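Hello,

Here is the structure I promised to pass on to you. Have a look at it first, and then read on for what turned up.

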Amino acid sequence: MHSIECDTVVLGVLDYADADKIVTLFTLEHGKVKGLARNAKKSRKRFGGALEPFARLRLQLTLKEGLSTLNGADVINVFPHIRADLSKIANAAYACELVEQLVGEGEQNPRLFRLLTAYLEHLDLTDHAPSDRRFFEANLLKVLGYQPELARCASCDQDLANMPQLRFSPSFAGILCSSCGRTGRPVSPETISLLIRSLTTGRFGLVHFSPDGLAEAGAILDAAIACHLTRPLKSLNFMEQVSC
């Protein structure tokens with residue numbers, strides 16, 4: 001076994017024993033990896049305080065089954081403006097926890113890696129906007145193949161274009177037309193249009209939901225995400241505390 005280098009985002013860090021850390025990483029080259037950083041709490045030379053949640057690193061590690069070994073790290077970006085703002089910290093932690101839960105170990109996914117790093121860079125450089133969180137969620141679901149059906153009725157497959165009355169049905173995991181949607185949450189065609197645009201525009205900051213649209217999009221995306229989670233997201237409580 002030999003040391004390799006990976007472009008990495010730190011998803012989570014857990015103190016272990018007196019001086020070690022167990023670090024969950026999302027790497028461009030090898031997907032999600034868990035690694036042991038020996039003496040990380042004492043060694044400033046090898047890690048320099050770089051093993052912090054949502055930091056982006058060029059990491060040296062030895063890949064193994066189970067726990068890999070972290071040998072050293074060079075900082076690419078610690079996103080200092082995120083770390084100075086509680087709402088940004090909450091959203092960055094949420095994005096990382098979603099990736100940690102929804103991606104299996106060793107599953108390489110360059111598109112998701114690019115989406116996560118783009119979101120962190122956008123959070124760091126701009127004011128926090130709730131629409132960006134929903135943009136991230138919509139594209140995360142798309143990349144993982146979990147996106148809800150938005151363009152056609154999830155029950156009868158009818159085209160939803162130009163229909164004035166639509167409803168979201170969690171049981172169908174999609175949008176229902178006026179004929180099929182006798183129950184479920186009403187959702188405006190504008191919200192559906194913005195969600196579809198979120199999946200095609202490819203850039204943060206270009207899609208803006210109204211307050212009502214955020215509530216509608218949030219109900220759809222939260223339900224789509226929840227059915228794939230294995231445990232509650234701790235970061236959601238933090239987001240609620242800082243009103244994100």
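The chain folds into 7 helices and 8 strands. Its radius of gyration is 20 Å, close to the 18 Å that the globule rule gives for 244 residues, so the chain is as compact as a globular protein of that length. Please keep in mind that this is a predicted model.

Along the principal axes, the C-alpha atoms fill a box of roughly 65 × 35 × 30 Å. Of the 244 residues, 47% count as buried. Among contacts with a separation of 6 or more, 60% come from residues 24 or more positions apart. The accessible surface is about 12,000 Å², and carbon and sulfur atoms make up 50% of that surface. As for charge, there are 27 positive and 27 negative side chains, with the centres of the two sets 3 Å apart.

Helix α2 covers residues 86-102, and at 1.5 Å a residue its 17 residues should span 24 Å; the end C-alpha atoms are 24 Å apart, which agrees. Of those 17 residues, 14 are buried, so α2 is largely enclosed by the rest of the structure.

Helix α3 takes in residues 110-125. Its 16 residues should span 22 Å at 1.5 Å a residue, and the 22 Å between its end C-alpha atoms agrees with that. Which residues of α3 are buried? They are L112, F113, L115, L116, T117, Y119, L120, H122, L123 and D124. These buried residues pack against strands β1 (4-16), β2 and β4 (56-62), and also against helices α1 (80-83), α2 and α4 (130-144).

With a relative accessibility of 5%, T117 falls under the 20% cut-off and so counts as buried. Leaving out residues up to four places away in sequence, T117 touches V9 and R56. T117 and A55 are 62 residues apart in sequence, yet their C-alpha atoms are 9.7 Å apart in space.

The other residue I would point you to is T24, which sits in strand β2 (residues 20-27). Is T24 buried or exposed? T24 counts as buried, because its relative accessibility is 10%, and buried means under 20%. Setting aside neighbours within four places in sequence, T24 is in contact with V9, V10, L11, G12, K32, V33, K34 and E100.

Enjoy exploring!

Best wishes

Notes. Residues are numbered from 1 along each chain as its sequence is written. This is a predicted model: local features need pLDDT of at least 70, side-chain atom pairs count only at pLDDT 80 or more; totals for chains, interfaces and linings use all residues. Side-chain values use heavy atoms; hydrogens and water are left out. Helices (H or I, at least four residues) and strands (E, at least two) are DSSP runs, numbered from the N terminus. Buried means under 20% relative accessible area, exposed over 50%, partly exposed in between (1.4 Å probe, protein chains only). Contact means heavy atoms within 4.5 Å. The radius of gyration is taken over C-alpha atoms; the globule rule is 2.2 Å times the number of residues to the power 0.38. Accessible areas come from the Shrake-Rupley method with a 1.4 Å probe; for residues, only the protein chains shown count as cover. Lys and Arg count as positive and Asp and Glu as negative; His and the chain ends are not counted. The place of a charge is taken as NZ of Lys, CZ of Arg, CG of Asp or CD of Glu. The expected span of a helix is 1.5 Å times one less than its number of residues.
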